[in-house]
Structure formats: C-alpha cells, structure tokens
Amino acid sequence: MVELSPKVIAFILGCVLVVTTTQYFFDTSWSSSKGNSPTNASNYYGEPNAEFDWCEENYEISEYVAEFVNTVTGFLYFLPTIFGFMFHKKLSLSSKLLLFFVSCIGFGTVLFHGSLQYKAQLIDELPIYYVILAGNFMLWYRGRKGDRTSAYCLCLWAGGLSAILLFTNRTNYLHTVGRGIMSCSFSLMFGYIFSAAAAALNEIASVENQGCAQSGKDLFHLAFFEFVAAIFCWIFDNSACAIVQRNPFYPITAHALWHLLTSIGLYKMFLVLEFIHINSQEEAANPSEIKWICGNFLPILKSEKQD
C-alpha cells in the first residue's frame, strides 16, 4: 500500500477541494447540469429548483422519483451505520453520533435526488457537515475525554448555521453568507481530517506494535484514495454531462459512483477515527487493530483481547 505523508495528503486535497468549492459556491456556471426536466417529466414534487440537477435524466424511470438511480444509491449511506453498530458494541459517544449523522446523509440524499427540491438539497448537505464536525472533534480530542464547552460550542455552531440555511430565503444575503461559510469551512475541515488522521497514525506507529498500527494506516489510505476518486466523480458529473450520459452503463452515472465510493469511504474513516481514539489513549488497556472478515471484504475493529 502506497503511504503518503500528511503534507502530501493536505496538498492533494487542497487542489481538488479548490475545484469543488468553486463549483459548489463561488462559480456555479462551471456546472453543466441539465438544468431543466424533459418536457414529458411528471415533476411530481414540482419543477426542480435545487442548485444541482445531476446528469441522470429527471423522472426517466419513475414518475414519482426525479433521479431514480441516484436515489436508490443514496440508500448505501445507511450501510456504514448498520455495519458500524452490528460489529462494534463498545463505541465512543463521538463515533455513535458520527454513525447517526451518516444515516442522516442517507435520508437527505434519498430525499434530495427523489425530489430535486432546494430544501431537500439542504437536508442532504447539512448532515455531511455534521459528520465533518464530529470527525474533527474526535481528532481534536483523540485519546482523551472531549471538553464539554467545545462540544456545546460545536452544537451551537451547527444549530445556528442550520437555522440560517433552513429558515431564511435562499435569496437572502444572510442565507448566501451561511452557505459560503459552510462550504469554505467544510473544505478546510475535510482537509484537516485526513492530514491530521495521517499524522495521528504515524504517532501511533512510533510507540505501538507495528502490525497493529499498520492495519490502521492501510485502511486509512484505502479510504483516502476512495474519497479522492469519489471527488473526481462528483466534479465530472457536475461538469461533463454530455460525456456522462453517453457512458454504456447509463443511467448509472458518475454521481452514483460518488455515492458508492463515499459510503465505503465513510465506513472506513469511521473505523480509522475510532482506531485512533482507542490507540491514542495513554496506557490503552485494550488496544485495537483492523481485521477483515467476509472473505477480506469487510473491515472491522477488534481489540487484541478479542483475538
């Protein structure tokens, strides 16, 4: 497995996130999204008014679902939560919250792609932001008990930003500022999670059993490359619809692959963050490592005592 330094990881993510943040907020003219439904579309939930209208044709498969394949693949986001709780009985509170927010992404994604309404888009995007906040909190306080004041401040921040976005008109200046703050802070925290996780894993490797530490580093790099590939799929679907719609597997599009890769990556990053949390504790009474089950298909976190 190729191993990258925290600085290289931060550089790679910085480059791609400049593009995604620009496409998302600063210059949406980059987007080649369809923009309008076909004339025969049912528009069951009303004319699509979300800022993104992905490459899958609207209401092509079902008159009740705007983007059928993107909606179906949105259910993949429930799997990390299912596997997370199924195979891990003792989790930190932060990990439990993170898994809950991941399932909320699934709900929001299905709602958004099923209707292509702007409110549904926000319900899709906000849980992603909550996941990033939870992940950052876990890394800030890795190996020790989180500060309640910081936790309350993060809750107030997330709640205030959510209230602004959900209860102000999208043309309102405050709403626009809120979306700008969310998109820019998301990119910064996304880059921090990966670079800080890489640094934390290096610290663990310097003081612990090399085999145990290496299992975490290998899983982390798999998740990192999956997320990078997913981001490229997001960019491609957002800027090259003419090409995406000519692919031989259509209506499976690059955005459906984004759902697949990010759901896999989210589960692995949940394991990595919990691995870091457990193994960063001073004199960890029960250090853990990554094990693969189901024919080396599914990674889980196991303590050395369980072996």
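This is a predicted model: local features need pLDDT of at least 70, side-chain atom pairs count only at pLDDT 80 or more; totals for chains, interfaces and linings use all residues.
The largest nonpolar core comprises 80 residues, of which Leu-13, Phe-194, Phe-220 and Ile-276 touch the most other members. Two or more residues of this core come from each of the helices α1 (6–26), α4 (93–115), α5 (118–140), α6 (148–167), α7 (173–207), α8 (210–239) and α10 (254–279), and from the strand β2 (298–303). With residues up to four places away in sequence left out, the contacts of Phe-194 are Ile-9, Leu-13, Phe-220, Ala-223, Phe-224, Phe-227 and Met-269.

Aromatic pairs number 22 in the model. One of them joins Phe-101 and Tyr-130 in a tilted arrangement, with 5.4 Å from centre to centre and 55° between the planes. Phe-101 belongs to helix α4 and Tyr-130 to helix α5, so this pair ties together parts 29 residues apart in sequence. Phe-101 counts as buried because its relative accessibility is 18%, below the cut-off of 20%.

Phe-190 and Phe-227 form an edge-to-face pair, with a centre-to-centre distance of 5.7 Å and an angle of 75° between the planes. This pair links distant parts of the chain, 37 residues apart, with Phe-190 in helix α7 and Phe-227 in helix α8. Both Phe-190 and Phe-227 are buried. These two residues also belong to a cluster linked by ring pairs, together with Phe-186, Phe-194, Phe-220, Phe-224 and Phe-225.

Ile-252 is located in the loop between α9 (241–244) and α10. Its relative accessible area of 44% makes Ile-252 partly exposed.

Technical notes
Residues are numbered from 1 along each chain as its sequence is written. Side-chain values use heavy atoms; hydrogens and water are left out. A nonpolar core is a set of buried Ala, Val, Leu, Ile, Met, Phe, Trp, Tyr and Cys residues joined through side-chain atoms within 4.5 Å. Buried means under 20% relative accessible area, exposed over 50%, partly exposed in between (1.4 Å probe, protein chains only). Helices (H or I, at least four residues) and strands (E, at least two) are DSSP runs, numbered from the N terminus. Contact means heavy atoms within 4.5 Å. Rings of Phe, Tyr and Trp (its six-membered ring) pair if their centres lie within 6.5 Å; planes under 30 degrees apart count as stacked, over 60 as edge-to-face and the rest as tilted.
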